[in-house]
Amino acid sequence: MTADATPALVEDKQQTAPGPRVRKSSAYPRYLAGKVAGAAVSLLAVLVTSFFLFRLIPGDPVKTMTGGRQVSAEQLAAYREEFGLDLPLWRQFTDYCGKALTGDFGTSYQFRSPVVDKITEALPNTLLLTGTAFVLYTALGILLGTRSAWRHGRLGDRVNTGLALTLYSIPSFWLGLLLIIVLSVGIGPLPGMFPTGGMESGGEEGFAYVLDVAHHLVLPVVTLVAVEYGQTLLVTRSALLDEMGSDYLTTARAKGLRDDLVRRRHAVPNALLPTVTLIFINLGRTVAGVILVETVFSWPGLGGLFYQALSVPDLPLVQGLFFVFAAAVILMNTLADLVYPLLDPRVAR
Amino acid sequence: MGTNDQKRSLPHGLRLVALAGAAALTLTAGLATPLDPAPQQARAADDGKKVLTVAVAQSVDSLSPFLAVRLLSTSIHRLMYEYLTNYDPKDNHAIPGLATKWESSPDKLTWTYTIRDNSTWSDGEQATAEDAAWTFNKMMTDTGAATANGSYVGNFRKVTAPSPTELVIELKKPQATMAALDVPIVPKHVWEKVSDFSEFNNDKDFPVVGNGPFVLSGYKADSYVRLKANKDFWRGSPKFDELVFRYYKDQDAAVSALRKGEVSFVAGSPSLTPAQAESLKGADDIQVNDAPGRRFYALATNPGAKAKNGEKFGDGHPSLLDQRVRNALFRAVDREAIIDKVFRGHAVEGEGYIPPRFQDYFWKPSADRKLAYDPAEAARLLDQAGYKKNGDGKRVGKDGKPITYRVLCHATDPNDKAVGKYLQEWWGKLGIGVRLNCLDNVTDPWLAGKYDLAFDGWSVNPDPDFVLSIHTCGALPATPEETGATDNFICDKKYDELYARQLTEYDPAKRADIVKQMESRLYDLGYMNVMAYPNAVEAFRTDQIKSITTMPAKAGNIYGQDGYWSWWSAVPADSGGSSDNASSTGVVVGIVAGVVILGGLGAFAAMRRRATAEERE
């Protein structure tokens, strides 16, 4: 590696940076329009899929709902009419699309309340749990991943990656149950410190309520973080490792920059692209919740609701949830697409 | 220097994260222990109230008594609203509820109930016959209001309230179940304001006006249902101040909550597993209640699905239409092995259709008629029916193909899967194949008659009318496109005649005798083979519940009783009073500890920054 080659590269980098920005004015809007249009088409596809996919499940929802009860033919007909199931399929579909576009996903068969109400009831709970976990495991993953890559091959790196891989491969419900036994019930001299499940004790208000929810939040969040941070760690680590041989880093060092500055200001930003993809995908997933963790810790979120909806099957609720889950992922992926050019202008070219 | 910085900065950040995390954990952990021993949580809240907490797994479908069909929701309605009658916890016979007495006219078509004058709604108004009449009339005229309990009023001609203490129900034809109308009576002055009964869920405004032993005071979907004791309940106030149903979607987590004392009672859904029961048996302050259950666990055979209009549908195996084949299959089921190996002793061997805990109606076959486990006899019966083994040792049907039965099983029930494996082995030896079709939702193939055999089970009420009715021809769907109330399409003329007779027989002893004849007929037909009566296995904390009524009183269950006896009668254990303030103490100590740690962290970080500032510059 020659000393004079490196400045050229660095210079290149400095020169190329403004270049695309100038070009961005023409490329970016087109890029943006393309991505937004793609997202819109995907959303439409999801809408269509969510309607027809769940109608492929054999059986008659009204019969399923009323199975085992004495229901007169008139009452069955009334149900069919109430839920619009007496209409031809194409009418049901157009009704569904029309209403879905205004945010109306119909009435849940089993809970007899609007699907939107059930979703908005459970969504904040899921976001609180998975959102908190998301922030923590992303931060932890990036922090540990960077550290591992920077000192790759050493004991710290080996321990870090080994631990991350181990935790990543542990089933979350098993880890959750283990944490309940150890930290909730308590083992030997270790006292039980946290609630075994739920989101609140019930009846608390004000600050006590906040503390109570925080108390209930700890174990599920710890479970999620433990299982999820490994992925971010590994992606960050491998991306950074790819960057580490780059000449511009040697140049940066040669300029006399401190090692942590080289890492933070030069290496990490350039290595972050794959991690950003992962972050956005994970962000999309936070809406869907994590069914197993929500089940083990009896968290009243969307994951549990989806399971209940599927087991009936409660078509309007299943459709509504499916749409919300898919829309969140599409939205986040689109956002990621829109952010990439800002991080690496070559993407929009 | 660079190396030093590198070493310092990351661990420094990490340490901060770790310490902040630890502080957060300490802060919240301070809420519980060790200063806040968990068991008191269920025993007494901050203000010293006695709270009984019950772990439940099922979601509330609705809190409107006109819509709710799930066990949890209807159990809560039993606590919120008084029904006309109740069941004696000792022997299940009908006793006064909102009605103090009831009698029928000589022609058996008019029933007159005397409504008690000492039952008041929780808003202070008197509960009257007018409320009861309005409730029944609403169910008779509004399809939305008929959703859950419409079948109870199907035979009603007219319901009136000539006076506040007199309710008159006129019937279309005689009905022996008039002292077993499990319908919550709601306050007219509150409910007449409801515009759409098919959508009103009764879960927004608290407290909800009722006249049962508890008043619904709070509800959060899939979190908790909170009820407070009705101090003015006519039978006397419950001993606990509050009753809370808390959600545990995972049964192992619920058992952990019981161990910790977060809940006072856990029943499982519908029972604790043998492993859970064994693990709890040695635990301190926990009592396992292994009670005779009210359920039966059976193998139902598809008798050739058909509708009332005679149209056949479904695809049940034709060989099962032969009674000898059905009896042979049952003779090749080792029920003792199922009790020992699958239920691990937490069940009783099945015989008649109604479990032995309902003594009045319990029937079992005499020794000479019993279809005892006898594989050799089973093989003989199959040979006799013409289903002989071929060269490969497989029995072949009339179409010449080897017989393989499709058995519908519930994917969520481990018992179904375990028994299914045994069936594969036992029937395999007879030369019959078994294909287990385990599904989350068995309803669809079941209603379509697309199965050969199915794992079946029902909870039986003190009045057996319902579980008997589901095998009458009248319960068949009107057409293949409709739904019937039938369990598995059984339609037998003789059984139907007996059913009609018992329904019009108002003499309890005579009626019980007819019911037993029906069970006998059902046993002979062989479409319903009862393998076991699973026990109700549940557990509670003796340091929180001093005593509680089981039903039947002698060796009965606690959860899902007919009536409100368990929670109404539960007596709190002495809490010693010392831990009442522990919760708030725990919070204070936790907060102080957290603040101290955070303060220390801040000081530590500041010092570190100062020490390295020069170097950084």
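This is a predicted model: local features need pLDDT of at least 70, side-chain atom pairs count only at pLDDT 80 or more; totals for chains, interfaces and linings use all residues.
**Entry 1: two helices of chain A**

I looked up how helix α8 (residues 172–185) of chain A lies against helix α9 (residues 206–244) of chain A, and found that their axes come within 10 Å and cross at roughly 135°. I therefore noted α8(A) as oblique to α9(A). I recorded the crossing of α8(A) and α9(A) as right-handed.

I then asked which residues of the two helices meet. From α8(A) I listed Ser172(A), Leu175(A), Gly176(A), Leu179(A), Ile180(A), Leu183(A) and Ser184(A); in α9(A) they meet Leu219(A), Val222(A), Thr223(A), Ala226(A) and Val227(A). Sorted by class, this contact of α8(A) with α9(A) has eight nonpolar residues, four polar ones and no charged ones.

**Entry 2: strand β5 of chain B**

I turned to strand β5 (residues 110–115) of chain B and asked which side chains point to which face. Trp111(B), Tyr113(B) and Ile115(B) point to one face and are buried.

**Entry 3: the partners of β5(B)**

I found that strand β4 (residues 99–104) of chain B pairs with β5(B) in the antiparallel sense over five bridges. Within this pair, Glu103(B) stands opposite Thr112(B). The two strands β4(B) and β5(B) form a hairpin with five residues between them, and Lys108(B) in the turn has a positive phi of about 65°.

I also found β5(B) paired with strand β7 (residues 166–171) of chain B, in the antiparallel sense and over five bridges. Here Tyr113(B) stands opposite Leu167(B).

Technical notes. Residues are numbered from 1 along each chain as its sequence is written. Chains are lettered from A and ligands numbered from 1 in the order in which they are written. Side-chain values use heavy atoms; hydrogens and water are left out. Axes are lines fitted to C-alpha atoms, for helices over the stretch in contact, and angles run from 0 to 180 degrees between N-to-C directions. Helices (H or I, at least four residues) and strands (E, at least two) are DSSP runs, numbered from the N terminus. Angles under 35 degrees count as roughly parallel, over 145 as roughly antiparallel, 65 to 115 as roughly perpendicular and the rest as oblique. A crossing is left-handed if the near helix is turned anticlockwise from the far one by less than a right angle, and right-handed if clockwise. Contact means heavy atoms within 4.5 Å. Ala, Val, Leu, Ile, Met, Phe, Trp, Tyr, Cys and Pro count as nonpolar, Asp, Glu, Lys and Arg as charged, and the others, Gly among them, as polar. Buried means under 20% relative accessible area, exposed over 50%, partly exposed in between (1.4 Å probe, protein chains only). Two strands pair if DSSP finds at least two bridges between them.
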